[in-house]
Amino acid sequence: MKMRLEAPAKYRSDVNVWVDEAIWGHRLYNDQTPWLVFLEFLAVFQSRNAEGKALNEIRRDGVHESFTYHIPRLIPLRQLIFNNPHIRHVEEIQQFDSERWRAWLKAFFTDDDFSYLQERFGSFARLARVVEFFQTTAIEPHRQRRWSSRFLFPYGPNCLYADLPANINGSPDRRFFARSGELLYLMLNRSDKGVEIAEKISEKLLRQDETWNRVIRALLPNGYRVDSNTVSSNIGYLPFAERPEYGELAETWVRLLKLDLAGEVLLDPLMRLSALHMLLYMLRRANEEVGDSREPRFVLDIASPQRTALLELSKENFRANRMLSARAVRAHVESAKEDERWHSALKARVPADAVREYLMERYEWQPDENLPSGDPEVIFEALREYAEKRHQQHVAKVHMEWTRQIGLAVSRRSVGTWYSPDDSLLKALVMCTVDEGREEYRRFLAKLYDRFRLVIGASEAERAFGSLPTDQNAFMQNTQRLEQRLRTLGLLRRLSDDCAYVENPFGSN
């Protein structure tokens, strides 16, 4: 394991026990969905890009990055789109355009004067359609969130803003922008491709001249300064300076950003595959904590009309991966007993007090005042139970939430949860895996395992498990079902009985 970077003292003191953050970073949180991770990353990137430092942060050997970034609140824009229930009602009950404008401006009472919109849009119906468009294309519109925590699709830099509490001028509550996007930023910054990726993001994803980005700008008041009301934050904590996951993540970004596709088309696959890389990072770090040298794996059961042996294997694999983080937390706490300070504390004149002091210092633990103090083992058990309970509240739920949201896993009542990719994830995998326009099918399956630890065929299963965990016929049928899926999606062509190619219609060539 690489040398661990020192965590900022402020972050350590902000938590009741420093365990989850010590293992994976500060922090991962289940309420922050993969889309919100991606939006937070873009917001951090945009702030640093304005200063000419995006993904090119200077970090001395053995020292964590330290910088402050700023995200605009953009309150007038967000009120107009997400806190504007009168606009459709006014359009329906008023017949004449002038009456619509008058009634809406009277009903839409805010601190800002939106009368300038009448001159810019002319027709009230035109404004209503623009607002409706941004509402319907918003990120996760089906989720019931307060208007200050609803987000535009990131058509450009003017669409990025901070997550805010109900008190929109207060400090962010870190529920939806919980710093996972900061971890994604740090991972890419620590790869050797940060500068290249930054150039491509500016060129393809965050263009000021993109059409819908300019429309967003037209909705803002005259002379409105985007940087006039911002939320400022210090960058989060990522424990290790170098890890193979950083380079693998960066390689996926480079491959996708080089495709001959518009930026808004790339956002969805970038979101899905970034979350997949972060899940792999979580599993590998958990394995390191429990002392397991095996690589993580995702056994995919390609949808079948009947329950298969692979479905049961995939369910078992899912349960093991989901529980791995809890095992890592227990192992991390148990490692305290391997330290010389533990043995010294047990030899102290008052062992219980010495043990409490040691554990409080090591884990930034703030024990309950009513905790019994006579037995060192009782004190240790209290720490472990608290760390495990805290882990179950949020970080333990990340694997379940993220795999389902990126299309890697499905859940069915009375059946359970298992790994089975949806069409959007399959398209993203083809986009970043198939080189030079096409790839021989078996080679494609091997690449999926090499890059993402996805087990589909018998060869990959043998590499993952050392031997086939079920009969070879089950894996053969699995690969046939995937072939049919890809053919239906227009992503595979069979030239003969022994020759099938996966085709990437989005290739840069």
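Biologist: Okay, so a helix here is a DSSP run of H or I with at least four residues, numbered from the N terminus. Where is the place of Y185, then?

Modeller: Y185 sits in helix α9, which covers residues 180–189. Keep in mind that we are looking at a predicted model.

Biologist: Is Y185 buried or exposed?

Modeller: Y185 has a relative accessible area of 0%, so it counts as buried; the cut-off for buried is under 20%.

Biologist: And what does Y185 touch?

Modeller: Not counting residues up to four places away in sequence, Y185 touches F41, V44, F45, R48, K53, A54, L55, E57, F67 and I235.

Biologist: How far apart in space are Y185 and S228?

Modeller: Their C-alpha atoms are 24 Å apart, and the two residues are 43 apart in sequence.

Biologist: L55 was on that list of contacts for Y185. Where is the place of L55?

Modeller: L55 is in the loop between α3 and β1, where β1 is residues 68–72. L55 counts as buried because its relative accessibility is 2%.

Biologist: What about the phi of L55?

Modeller: Phi of L55 is positive, about 55 degrees, although L55 is not a glycine. For background, most residues other than glycine have a negative phi.

Biologist: What is the phi of S414?

Modeller: S414 is not a glycine either, and its phi is positive, near 75 degrees. S414 belongs to the loop between β4 (409–412) and β5 (416–419).

Biologist: Is S414 buried or exposed?

Modeller: S414 counts as exposed, because its relative accessibility is 73% and the cut-off for exposed is over 50%.

Biologist: Now peptide bonds. Which two residues does a cis peptide bond join?

Modeller: H26 and R27, with omega at about 5 degrees. R27 is in the loop between α2 (20–24) and α3 (34–50). As a general point, most peptide bonds are trans.

Biologist: Back to the loop between α3 and β1, where E65 lies. Is E65 buried or exposed?

Modeller: E65 counts as buried, because its relative accessibility is 4%.

Biologist: Which residues is E65 in contact with?

Modeller: Setting aside its neighbours within four places in sequence, E65 contacts E57, R59, L186, N189, R190 and I235. By comparison, F475 lies 45 Å from E65, C-alpha to C-alpha, and 410 residues away in sequence.

Biologist: Let's zoom out. How many helices and strands does the protein chain have?

Modeller: There are 22 helices and 9 strands in the protein chain. The C-alpha trace spans about 85 × 70 × 50 Å along its principal axes.

Biologist: How does the radius of gyration of the protein chain fit with a compact globule?

Modeller: A compact globule of 509 residues would have a radius of gyration near 23 Å, and the protein chain has 26 Å, which agrees.

Biologist: What percentage of the residues count as buried?

Modeller: Of the 509 residues, 55% count as buried.

Biologist: Which residues touch the most other members in the largest nonpolar core?

Modeller: That core has 152 residues, and W24, W104, L117, I201, L219, W253 and L359 touch the most other members. Helix α13 (residues 263–290) gives the largest share of this core, 14 residues. There is also a second, separate core of 10 residues, which includes V299, Y449, A464 and F475. In soluble globular proteins, nonpolar side chains tend to be buried together.

Biologist: What is W24 in contact with?

Modeller: Beyond its neighbours within four places in sequence, the contacts of W24 include L183, L238, P239, Y281, M282, R285 and H391.

Biologist: How many positive and negative side chains does the protein chain have?

Modeller: It has 73 positive and 74 negative side chains, and the centres of the two sets lie 2 Å apart.

Note on methods:
Residues are numbered from 1 along each chain as its sequence is written. This is a predicted model: local features need pLDDT of at least 70, side-chain atom pairs count only at pLDDT 80 or more; totals for chains, interfaces and linings use all residues. Side-chain values use heavy atoms; hydrogens and water are left out. Helices (H or I, at least four residues) and strands (E, at least two) are DSSP runs, numbered from the N terminus. The radius of gyration is taken over C-alpha atoms; the globule rule is 2.2 Å times the number of residues to the power 0.38. Buried means under 20% relative accessible area, exposed over 50%, partly exposed in between (1.4 Å probe, protein chains only). Lys and Arg count as positive and Asp and Glu as negative; His and the chain ends are not counted. The place of a charge is taken as NZ of Lys, CZ of Arg, CG of Asp or CD of Glu. A nonpolar core is a set of buried Ala, Val, Leu, Ile, Met, Phe, Trp, Tyr and Cys residues joined through side-chain atoms within 4.5 Å. Contact means heavy atoms within 4.5 Å.
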